[in-house]
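Biologist: I am new to this structure. Please take me closely through the place where the two chains meet, and then through what lies around it.

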Amino acid sequence: MDKKEKEPVFSAKNLKLLTEPFGKNNPITVQVLGICSALAVTVKLKPAIVMALSVTIVTAVSNLVIAAMRKFIPDRIRIIVQLVVIATMVILVDQFLKAYVFDVSKQLSVFVGLIITNCILMGRLEAFAMANKPWPSFIDGIGNGAGYGLILVVVSFIRELFGSGTIYGYPVLEKLGLYKTGYENNGMVILPPMALILVGLIIWFQRSRDKSLVEKQ
Amino acid sequence: MNSLRKKLDKLKPHFSKGGRFEKLQSVFDGFEAFMFVSDKVTFKGSHIRDPLDLKRTMTVVIIALLPALLFGSYNTGLQHFRSVGIDPSLFQAFWFGFLRILPLIIVSYVVGLGIEFIAAQIRGHEINEGYLVTGLLIPLIMPIDIPLWMLALAVAFSVILGKEVFGGTGMNIFNPALLARAFVFFSYPAWMTGDNVWTEGLTAGKNIVDGFSGATPLSLCAAGEITKLPSFMQMFLGFIPGSVGETSTVAILIGAVILIITGVGSWKIIAGVFAGGMGMGLLLNAVSLNAYMELPFYYHFVMGGFAFGAVFMATDPVSGSQTEKGKWIYGILIGVLSILIRVLNPAYPEGVMLAILLMNLFAPLIDYFVVQSNIKKRLKRAKVALKTSVK
């Protein structure tokens, strides 16, 4: 389908769709969407990565599906149609996780199911997929899912390192012999409030680097 | 003092605009203002300057804290010697405790002031005395055995995320000293709970004599061993294990008198906290489902950090309520919540810290409603006056 389009597959516009969610238009730090799951699943790196991949796949595919049938969806019931598509995708992903990474699926518990209510998904479908062609919508979904995932990975990396002393389950701090010097894991980093503080710090950092994000007073 | 003045005058051009150390101007200004009365005068608008500036206020609080600090030094030594079964002399106990507290104070000031200095350079603000009190309060509300790196981390957390993020001294939502304690409390609970952490050397298990448990009155209460409580007088005078500065209600009351006489601390907040604690204590007495609830209300005043929190923490003019009526509401709710958390929540033997932090969050809301109700009242009065004058 790409060759018949007038613009190339990865035109500057499409590339922008892919890269903008990492910085200027990050779903978590700029649009402040999907915060609840970012707080809940970022205690360890592994579930965070799985969650990030799940959200990326669900966003991308539902964007694609909705964009493909955007002209046939009656305006009045579009939210219901979007929800059906998202829910289908989420159930597929959930079943897949249960089949192949059962332990992670256990850790993520309800949060995979709650992807359905993740604001990023509805936001992308309403704001982008309903008004754009399938291919850009797909790229937009990948970009937003990955931008969400990036924050998840950064936060969970910090929380796992300082809260449990491990990186992806590997006991780094113990191997470094840090505990012998009297170091202890920080219990507060494991608590959800710390994830909120970390996300806040990331927003602070991003805004101090990119002044265009700061609101005019 | 004169030679210091001369030296400072000689150095001043280097730190002024165009000088070699232009970037460090605020550091220089900070030192100069700390040593001498500022010679800055206003040029426009109001020409009256209150001599009670931040520096004066902070110094008064430091003086008010001294009795608690001195007694804390003595008690730290006393508890330690008791735990190993020695009967120390007054000076022996004091000196031992003082040497143990000194590192805590030094770490607290070095880390906290260091961050304040750096933040002031980055923002181009003047350095102010905001941290002087916080820096002394933090060691006073920590267990004596806390590792210094934890203290440093807690101080950094509270100064950066509790104060600098919001715009520095005077802009913080929460009391920075309590934030540091809350950080340790939630991050390293093993160092903030249990019976061993409150007496010097107990965690290391140095030869403890039989019969010395190190349990604080509050942990005894939480464990349901009300009968083992020390006498009221003992707790009032403060010869009990606990955080460094909070054990002696007498020393704290001396501080309270200084704060109230100088007008630095609000007597309404202090009275409100005690009134709220009394009300809640009496209510629990009336319900009286277990032995802890039957405890007379005045016992709560002398146990744990209740008095210290009421006098030195709740009265923080930045994070507390500003309106006069609001101060009463704010104080009373702190008292009520403290006792409520203490008695009814088994997870937290001490509730003062959490109660004050929670009410810090609500202080602006309380002020808002007090101001609004005042506006409404006056509007009504004005309308009535208008009506009668029309008639």
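**Where the chains meet**

Modeller: Eleven residues of chain B are in contact with twelve residues of chain A. Keep in mind that this is a predicted model. The size of an interface is often given as the accessible area lost when the parts come together. Here the area buried between chain B and chain A is about 900 Å². Carbon and sulfur atoms give 68% of that area.

What about charge across this interface? The rule finds zero salt bridges between chain B and chain A. Polar contacts do occur: six residue pairs make them across the interface, with both residues at pLDDT 80 or more. On the side of chain B that touches chain A, helix 6 and helix 7 of chain B each supply at least two residues. The largest share of that side comes from helix 6 of chain B, with five residues.

So look at helix 6 of chain B next. It has 15 residues, which should span 21 Å at 1.5 Å a residue. Its end C-alpha atoms are 20 Å apart, which agrees. This helix is mostly covered, with eleven of its 15 residues buried. Among the buried ones are B:Met150, B:Leu151, B:Val155, B:Phe157 and B:Leu161.

Now step off the end of helix 6. B:Lys163 forms a salt bridge with B:Glu116, 2.9 Å from N to O. B:Glu116 lies in helix 4 (residues 90–123) of chain B, while B:Lys163 sits in the loop between helix 6 (148–162) and helix 7 (176–187), so the pair ties together parts that are 47 residues apart in sequence. Both B:Glu116 and B:Lys163 are buried.

How many salt bridges are there over all chains? A search of the whole structure finds ten. One of them is in chain A, where A:Asp103 pairs with A:Lys46, their closest N and O atoms 3.7 Å apart. That pair links distant parts of the chain: A:Asp103 is in helix 5 (residues 102–108) and A:Lys46 is in helix 3 (residues 45–68), 57 residues apart. A:Asp103 is partly exposed, at 43% relative accessible area. A:Lys46 is partly exposed as well, at 34%.

Back in chain B, B:Glu324 and B:Lys327 form another salt bridge, with closest N and O atoms 3.4 Å apart. Both lie in helix 14 (residues 324–344) of chain B, three residues apart, about one turn of the helix. B:Glu324 is partly exposed at 42%. B:Lys327 has a relative accessibility of 15%, under the 20% cut-off, so B:Lys327 counts as buried. Salt bridges that share partners join B:Lys268, B:Glu324 and B:Lys327 into one network.

Finish with helix 3 (residues 54–83) of chain B. Its 30 residues reach 42 Å from first C-alpha to last, close to the 44 Å expected. Helix 3 of chain B bends by about 35 degrees at B:Leu66, and a proline, B:Pro67, follows within four residues. Of its 30 residues, 22 are buried, so helix 3 of chain B is largely enclosed by the rest of the structure. Just after this helix, B:Gly85 takes a positive phi of about 80 degrees.

How values were computed
Residues are numbered from 1 along each chain as its sequence is written. Chains are lettered from A and ligands numbered from 1 in the order in which they are written. This is a predicted model: local features need pLDDT of at least 70, side-chain atom pairs count only at pLDDT 80 or more; totals for chains, interfaces and linings use all residues. Side-chain values use heavy atoms; hydrogens and water are left out. A salt bridge is a side-chain nitrogen of Lys or Arg within 4 Å of a carboxyl oxygen of Asp or Glu. Buried means under 20% relative accessible area, exposed over 50%, partly exposed in between (1.4 Å probe, protein chains only). The expected span of a helix is 1.5 Å times one less than its number of residues. The bend at a residue is the angle between axes fitted to the seven residues ending there and the seven starting there. Contact means heavy atoms within 4.5 Å. Buried area is the accessible area (1.4 Å probe) that two parts lose on being put together, summed over both. A polar contact is a pair of N or O atoms within 3.5 Å; within protein, one must be able to donate a hydrogen and the other to accept it, and residues adjacent in sequence count only if both atoms are side-chain atoms.
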